[in-house]
Amino acid sequence: MASELESLAACYQGFDPIAYLQHNYTPPRADFKRHDSIVPWKLAHLHRAFTEGDISGGLLVDIGSGPTLYQVLSGCEVFDKVILTDFLEVNRQELKRWLQDKDGSNFDWSPFLKHVCQLEGRDPSAWKEKAARLRQVVRGIFPVDVHSPQPLAPSVVPPGGADCLVSCFCLESASPDLATFSTALGNIQKLLRSGGHLLLIGTLEMSYYLGSADLKIPTFPVTEAEICASLKDNGFTLIRLEVFTLFSDMKVGADDAAGVFFVKAKKN
C-alpha cells in the first residue's frame with residue numbers, strides 16, 4: 001500500500017492547477033446561466049447546508065482545497081475563521097495569489113462570488129464585499145496529508161477540533177482503494193469536534209481525471225454504498241446524500257466520472 005501511495009504522490013507532482021481549473025470550472029461545467037450545470041449544483045447544496053441553521057462555531061477547515069475557493073464561499077459568512085489546506089505547494093501558491101490580491105490570480109472567481117451572492121439574496125454587485133470577507137476570515141493555507149493519522153500540523157487545529165470540515169474531490173482522488181479511502185476519512189474525522197459537521201463532495205465511479213493537459217491521475221471509483229458505509233464506520237451520522245448524474249455535455253473528456261455526490265454528515 002505504501003508503494004501505491006508513493007506512486008500516486010509522485011504522479012501528483014505533474015499536477016497543473018490552471019489546466020485543472022480550465023477543465024472543471026469553466027462552461028459547460030460552470031455555466032451559471034444553466035440550472036443543470038454541475039458547479040451551480042454544488043454551490044446550491046453548499047449554500048443550503050450552511051444556511052439550515054445547524055452548522056455553527058468558530059472554525060471551518062477545508063481539507064484538500066486544491067486550487068479552488070468556491071467550496072468556502074458560503075461558509076465564510078458563517079465562520080470567522082477559515083483554514084484552507086492542500087497536499088501540493090502549487091495549489092497552495094495559487095490560493096495565496098488570490099487571497100493576497102497582489103500579483104493577481106490565474107483564475108477569475110468573480111462569477112462564482114456573484115452567483116453565491118444571488119443565492120444569499122444579495123445583488124451580484126456585492127461580490128467584492130464577499131471577496132473581502134473571504135480574504136478577512138481565511139487565517140492560513142497549510143499542507144495536509146489525509147493518509148497521515150495526524151493530517152495537519154498540531155498547531156493548525158485546536159485540541160477540541162474544528163466545528164466543520166469541508167472536503168471536495170479529495171479522498172477518492174488520493175486513494176487507490178476503498179480501505180485507503182475509509183482510513184483517510186477516519187484520519188480527517190479526528191480534526192473535527194464531537195457534534196461537528198462534515199460536508200463532502202466527490203466523484204462517483206471515476207477511475208481517473210486529468211491533472212494536466214496530458215496527465216491521467218488514477219482515482220478510486222467510489223460508489224454511494226461505499227460512501228455511506230465509510231461514514232458509518234468512521235463515526236458519522238449521515239444527514240443527507242445528493243447525487244448529480246453527469247449529462248453527456250458535462251463529460252468534457254477531463255475524467256470518466258458517472259456523477260458527483262454531496263454529503264452532509266455529523267460526527268457522533
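Which residue just after H5 takes a positive phi? Gly121 does, with a phi of about 85°. The model is a predicted one, in which local features need pLDDT of at least 70, side-chain atom pairs count only at pLDDT 80 or more, and totals for chains, interfaces and linings use all residues. Residues are numbered from 1 along each chain as its sequence is written, and side-chain values use heavy atoms, with hydrogens and water left out. Helices (H or I, at least four residues) and strands (E, at least two) are DSSP runs, numbered from the N terminus.

- Helix H5 covers residues 110-119, and its buried residues are Ser110, Phe112, Leu113, His115, Val116 and Cys117.
- Buried means under 20% relative accessible area, exposed over 50%, and partly exposed in between (1.4 Å probe, protein chains only).
- The cover over the buried residues of H5 includes H3, helix H4 (89-100) and helix H6 (127-137).
- Glu94 lies in helix H4 and counts as buried because its relative accessibility is 3%.
- Contact means heavy atoms within 4.5 Å; leaving aside neighbours within four places in sequence, Glu94 is in contact with Ile18, Pro67, Ser105, Asn106 and Phe107.

**Nonpolar cores**

- A nonpolar core is a set of buried Ala, Val, Leu, Ile, Met, Phe, Trp, Tyr and Cys residues joined through side-chain atoms within 4.5 Å.
- The largest nonpolar core has 55 residues, of which Tyr25, Phe50, Tyr70, Leu84, Trp109, Phe112 and Leu199 touch the most other members.
- Helix H3 gives the largest share of this core, seven residues.
- A second, separate core has 31 residues, including Ile83, Ile188, Leu231 and Val263.
- Tyr70, leaving aside its neighbours within four places in sequence, is in contact with Tyr25, Lys42, Leu43, Leu46, Trp109, Phe112, Cys168 and Phe169.

**Aromatic pairs**

- Rings of Phe, Tyr and Trp (its six-membered ring) pair if their centres lie within 6.5 Å; planes under 30 degrees apart count as stacked, over 60 as edge-to-face and the rest as tilted.
- The count by this rule is 15 aromatic pairs.
- One of them is the edge-to-face pair of Phe50 and Phe79, at 6.4 Å centre to centre with 85° between the planes.
- This pair links distant parts of the chain, 29 residues apart: Phe50 is in helix H3, and Phe79 is in the loop between strand S1 (59-63) and strand S2 (81-86).
- Both Phe50 and Phe79 are buried.
- Ring pairs also link a cluster whose members include Tyr12, Tyr25, Tyr70, Trp109, Phe112 and Tyr209.
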